[in-house]
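Let's go through this model together by asking what stands behind each label.

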Amino acid sequence: MNPFKYGCVVAGENYCRRPELQRQLGELVKSGQNVVVQGPRRMGKTSLVVETVNSLRGIALLYVDLFSVKSVGDFCRKVVAATAKCGKRSFLERTAELVKSLRPVFTVDRDTGAPTISVDLKAARNVESVEEVMDMIASHSAAKRFCVVFDEFQDVLDIPEADAVLASLRSKIQFLPDTPFIFLGSVRNRMRDIFDSPRSPFFKSAISFGVERIEESAMTDFLIGRFRAGNRSIDRETVGKILATADYISGDIQELCETTWLVTGDGHRISAGDVAKGLEAVFARESRAFISTFGKLTAVQASVLKGLADPDHCKVFSGEFLETYGIRNVGSVSKALKRLIRDEIIYEFNGEYLFENPFFREWVRRR
Ligand SMILES: Nc1ncnc2c1ncn2[C@@H]1O[C@H](COP(=O)(O)OP(=O)(O)OP(=O)(O)O)[C@@H](O)[C@H]1O
Ligand SMILES: [Mg+2]
């Protein structure tokens, strides 16, 4: 069986431990700090947070995935449903009691047989419903210590009453000084709108915690072990190629490992050539999306992107860059960069412009 997992939260044997980050985050959680976890896509933010909170004794995780939340009712439903994982039947009954005006109903998960709880979308209609749900969390927190995780928090901005919801959340959270809240988000600019804009109720309300590249030697050991579990062997140098190609981004590393595993057979010793074949397999899966993204660019944007994809490219605003890529002036470069950042194709990090998706960079490089 393929020993690599991506596109989901990983734990146990699929999770490469990040002890120092876990320690730092754990200390913040234990002291009741509210934290906003930021970092590029697929870096391992959610997995790190879940792993860290689960490892803390005496603190229960209330994990709410707000991905694609569209209304107040939806928000309440997601929070109430999340409590089903936090306790036994009596805990759920208490939850139901605490949100009774939202007309809670119990159901049983068809696949797992586990009890779940939901609320009536029509009953949970306005900001008072959000307050009721937050009061439910406050009530539970008086009896047991919780760490509340709001993942994909930026999607709250899509609720029509987003401003009122954010204001109400913020004021309720303020009265829970011993309950740590962790806000996670993958859409950088929208998270900034919530936490860095002086007009937002969440302005400076949480400590910022960055999740960047995974530590190289720990990841190398981890991957050698996973290849071994999948009946393949690989040396450190070849793992280094995988890490560099995937820009040290955890999810992309596991994806490239998965395709490399697929193109090789049992007992095989993996070479750089196999990794190149693995990368071709990634392209085969993603080429339609890549072609569509590239096709929507203007000529200048495409040239700038090709320039950035070159590993030895000179400074983007230099005369040499303009000349090499046939761009008329610095103003055009700057406009193209802004647009590419807005469309989340690239991002700026320490003055450098990096691709959000390293496989797209490799694909552009080959064009
Ligand atoms: N510590 C880790 N060890 C091994 N693989 C990891 C680790 N953390 C993350 N991954 C890989 O990255 C993928 C994405 O992880 P996760 O969902 O935690 O990242 P994320 O930063 O929250 O992503 P998103 O930006 O999509 O929300 C996982 O499916 C897994 O393949
Ligand atoms: Mg995530």
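This is a predicted model: local features need pLDDT of at least 70, side-chain atom pairs count only at pLDDT 80 or more; totals for chains, interfaces and linings use all residues.

Residues are numbered from 1 along each chain as its sequence is written, chains are lettered from A and ligands numbered from 1 in the order in which they are written, and side-chain values use heavy atoms, leaving out hydrogens and water.

Q: Why do Cys76 and Cys86 count as buried?
A: Buried means under 20% relative accessible area, exposed over 50%, and partly exposed in between, with a 1.4 Å probe and protein chains only. Cys76 has 0% relative accessibility, so it counts as buried. Cys86 is at 9%, so it is buried too.

Q: Where is Ser129 found, and what makes it buried?
A: Ser129 is found in helix H5; helices are DSSP runs of H or I with at least four residues, strands are runs of E with at least two, and both are numbered from the N terminus. Its relative accessible area is 3%, so Ser129 is buried. Contact means heavy atoms within 4.5 Å, and, not counting residues up to four places away in sequence, Ser129 touches Val72, Cys76, Leu102, Ala123 and Ala124.

Q: Why does Thr238 count as buried?
A: Its relative accessibility is 8%, so Thr238 counts as buried. Thr238 has its place in helix H9 (residues 236–245), and it touches Ile270, Ser271, Ala272 and Val275, leaving out residues up to four places away in sequence.

Q: How do you know that the span of helix H6 is close to what is expected?
A: The expected span is 1.5 Å times one less than the number of residues. H6 (residues 162–174) has 13 residues, and both its reach from first to last C-alpha and the expected value are given as 18 Å. Its buried residues, including Val165, Leu169 and Ile173, pack against helix H3 (72–82), helix H5 (127–143), strand S6 (181–184) and helix H7 (188–195).

Q: What makes a set of residues a nonpolar core?
A: The members are buried Ala, Val, Leu, Ile, Met, Phe, Trp, Tyr and Cys residues joined through side-chain atoms within 4.5 Å. The largest core here has 49 residues, and those with the most contacts inside it are Leu223, Ile253, Leu305, Ile346 and Phe360.

Q: Why does this core lie between domain 2 and domain 3?
A: Domain 2 (215–295) and domain 3 (297–367) both give residues to the core, so it lies between them; domain bounds come from an automatic or database domain assignment.
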